[in-house]
Amino acid sequence: MDTDSKKDASPKLAKGGNLVPGAASFNREIELNGNAEWPPAKYPAYLPTWDPNQKFPPLKPYDFIDRGKFADPAFPNLQAPGLSFTKLTPTIGTKVTGPVQLSNLSSAAKDELALLTAQRKLVVFEKQDFADLPIDEVIQWGGHFGRHHINATSGTPLGYPEIQLAHRGAGDPSYEDFFGSHISSAAWHSDVTYEEQPPGLTIMYILETPETGGDTLFVDTAEAYTRLSLIFQERLHGLTTLHSGVQQAEVARRKHSIVRREPIETVHPILAAIRIIEFWEPFTLTPLKWGANNESWLRDSYCEALPSQQPGFSSELSWLQALGVKMFGQISVVQVAKDAGYDSLFLDLEHSAFTLDTTWQLCRVANMAGISPFARVPGETGNGYIQRVLDGDARGVIFPHSHTADDATAAVKMTKYPPLGIRSINPSLLEADDGTALPADEAARMLASQDAVCFIQIETEDALRNVDSIAAVPGVDVLMIGSMDLTIELGILANWEHPLYQKALRDVSAAASRHGKQWGISGLFGRPDLWRYATTELGARFIVGALDFGLFARAASANAKMLRSAVEPARDKASPASSQ
């Protein structure tokens, strides 16, 4: 698709604050001619332009023909003397080294490349010459695989909107500005899934790169799907989700970029069948619209692609296993939990001496590490205290000693933004990169992404008796049995086989199911048989598996026993004389 417009938009260099550049952070004169600090661009034909007059109509559906269907699965046309294929991981990524130029491939070899890419999801070739070819030839080469997709907002080479550029301008301070307030730039995403027919194949080639940095991670979502339980897989079939291009357009306009096509929103199935090699692959999730029967289950269960930015309960986990933290307030406990394989931290402010400062540090480090921090607050805690825990980036609050639906309603009010609650807005959340306020729609989405999870602990006889009305309260997300306190109240302390405790598990599970809520267990340690029963038979999704001090004590005891077993034989052999 060509454009007749040749007008070049080149505003002066402006201060940025985001790693996605736009016209406001680009200076064409410096790029073309260089200066004392920056050399001229090596590939001036690829410098980005943002033509405000470049407008395209909505994309029309078309019949896509996957070229991999015509390929010989033995890949005879991709074979050559000295060529080697190395798998980067078992299921995704192949690196091809040796004497091959993709630009010279025959049609049959291109078909085989399409099949290889479908099978391996990512294929990497070294020392290719695309950057040195005329752009016309590159576009013609890529047209073998299907219709070119024209990005709605990205900068493109003059006259070639089919080429999407990832470009950082000479002298652009966005990088430094961004890392003034961020530790990592990692952000999982899939490009332009809001299109009715998202691109099926992306061809990336490098023009110029810095000496260090620029690493890119790719994830195999098909493999992630296969590792789910069969029950979980079945629940995903038939569900849909909304993919939106509205935010991309809003950000582009704020950065003085362009919007070539008006943004659209498309409902896709969560699972798309890739017919050529017959596997199911999940789309990136944007949890805005679900079926009514599946909304809370999927929102609280499945993994969205934003772990580095919003590693909260609604976007990260299927089954949640937590490490309870009571004793060790050092931030190193976060990495220990992450490396051990826990999904979340249960920060216990009720039974510990943790300060708000310690809680903030643990929460922020946990979010950076991609492990969800939830804070249990002291009973009868006021709204101001809850507010400060949430402003410290706790992804949810656990309310102990709740008795009635009124208690649950009060907890929701302190946890949720209006209209469900009265939680105050942290002003820093709604400030754009340039210091201005976010547009209303974007601000609303930001608050939705920051919504905290409200846990109500069922640990009293009153709460157990009222569990159905508690579960019915709008905004209550998780019912969590506090096993120790509950069995004390029931007069069966730690008697996990007692019919009263077993009935409590069933009653809480039934109430959660009736009202579309999740439920979990805390205070039940070292009982994988009951964890398995609760999760597989009763649908529990949150298990507090251990406490930090208990893990440390058991590890220390085991280490001491190991040391004794090693040194006692030597001690037994020592004579009285030699030991004096």
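A: This is a predicted model, in which local features need pLDDT of at least 70, side-chain atom pairs count only at pLDDT 80 or more, and totals for chains, interfaces and linings use all residues. Residues are numbered from 1 along each chain as its sequence is written, and side-chain values use heavy atoms, with hydrogens and water left out.

A salt bridge here is a side-chain nitrogen of Lys or Arg within 4 Å of a carboxyl oxygen of Asp or Glu. By that rule there are 14 salt bridges.

One of them joins K121 to D220, at 3.6 Å from N to O. K121 sits in the loop between α2 (107-120) and β4 (123-125), and D220 in the loop between α4 (174-179) and α5 (221-226), so the pair ties together parts 99 residues apart in sequence. Helices (H or I, at least four residues) and strands (E, at least two) are DSSP runs, numbered from the N terminus. Buried means under 20% relative accessible area, exposed over 50%, and partly exposed in between, with a 1.4 Å probe and protein chains only. D220 is buried at 9%, while K121 is partly exposed at 28%.

E262 and R253 also pair, with 3.5 Å from N to O. E262 is exposed at 54% and R253 partly exposed at 45%.

R465 and D462 form a salt bridge at 2.3 Å, N to O. Both lie in helix α14 (residues 461-465), 3 residues apart, or about one turn of the helix. R465 is exposed at 58%, and D462 is partly exposed at 32%.
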